[in-house]
Amino acid sequence: AGLSASVDHLTRLTNQLLVLARAEPGTNYGARLDTNLVAIIHILMQDFATVALDRGIDFGLELQCPELKVHGNPTLLRELMANLIDNALRYTPRNGVVTVKVAKSNNVAEFSVQDSGPGIAETDRDKVFERFYRVAGTHTDGSGLGLAIVKEIIATHDGAISLITPDSGRGLEAVVRLPLA
């Protein structure tokens, strides 16, 4: 069982390093297409539903519009959104809440993931985007690459990300803004 867990961890780490290399500016990985973020979100919600159910997490989706297109690499955009959802589910305690939101604001697509986990201190919010950085006291498995990958993908798509404290005062909300197609 230990060997299997180690192989799974190493496989995930290797895959994350490959995605990070592909996402770096100037690599020209894959074609850029007009990509519907809502379609990707629906697939990811199904993919992560079992994880949420197993952990007793209220996993919801709020859609402002039925379709929201950005010009980008569908594989990298999926990885971006999957990393944020995975982090939210990973750090949210049992019986917590994770809400995925998709909205349109002016000429920008907004994708956000809000959770009721421990959040990230404001002093660490810039550091968590550095490769291999882990917040002190974190007891969840991970390599510290997920948010570095997110940052690189957003940079190659001329977007922005902000980490904020939700209105409830607890947890974290990661808000991604990408130019519309």
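A residue is called exposed when its relative accessible area is over 50%, and buried when that area is under 20%. I'm jotting this down before anything else, and also that the model I'm looking at is predicted.

**Entry 1: two asparagines in loops**

I looked up Asn 106 and found it in the loop between β4 and β5. Is Asn 106 buried or exposed? Its relative accessibility is 69%, so Asn 106 counts as exposed. Then I checked its backbone: phi is near 55°, a positive value in a residue other than glycine.

Next I went to Asn 95, which sits in the loop between α3 and β4. Asn 95 isn't a glycine either, yet it has a positive phi of about 65°. With 63% relative accessibility, Asn 95 counts as exposed because the cut-off is over 50%.

**Entry 2: where α3 meets α4**

I moved on to helix α3 (residues 74-91) and helix α4 (residues 146-156). Their axes come within 9 Å and cross at roughly 145°. I noted the crossing of α3 and α4 as left-handed. Which residues make the contact? On the α3 side I wrote down Leu 76, Leu 77, Glu 79, Leu 80, Asn 83, Leu 84 and Asn 87. On the α4 side they are Gly 146, Leu 147, Ile 149, Val 150, Ile 153 and Ile 154. Sorted by class, this contact has nine nonpolar, three polar and one charged residues.

I zoomed in on Leu 80. Skipping its neighbours within four places in sequence, Leu 80 is in contact with Val 150, Ile 153 and Ile 154, plus Val 176 and Leu 178.

**Entry 3: the core**

Leu 80 turned up again when I looked at the largest nonpolar core, which has 42 residues. Which members touch the most others? They are Phe 59, Leu 80, Met 81, Leu 84, Ile 85 and Phe 111. I listed the elements that each supply at least two residues of this core: α2 (37-54), α3, β4 (97-105), β5, α4 and β7 (172-179). The largest share is from α3, with nine residues.

**Entry 4: Gln 114**

Last stop: Gln 114, in strand β5 (residues 108-115). Which side chain does Gln 114 pair with in a polar contact? I found the side chain of Lys 101 there, at 3.0 Å. Leaving out residues up to four places away in sequence, Gln 114 also touches Val 97, Val 98, Thr 99, Pro 166, Leu 172 and Glu 173.

How values were computed: Residues numbered from 1 in each chain as written. Predicted model: local features only at pLDDT ≥ 70, side-chain atom pairs only at ≥ 80, totals over all residues. Heavy atoms only, no water. Helix = DSSP H or I, 4+ residues; strand = E, 2+ residues; numbered from the N terminus. Polar contact = N/O pair within 3.5 Å; in protein donor to acceptor, adjacent residues only side chain to side chain. Contact = heavy atoms within 4.5 Å. Axes fitted to C-alpha atoms, helices over the stretch in contact; angles between N-to-C directions. Left-handed = near helix turned anticlockwise from the far one by under 90°. Nonpolar A, V, L, I, M, F, W, Y, C, P; charged D, E, K, R; others polar. Core = buried A, V, L, I, M, F, W, Y, C linked by side-chain atoms within 4.5 Å. Buried < 20%, exposed > 50% of the residue type's maximum accessible area, 1.4 Å probe, protein only.
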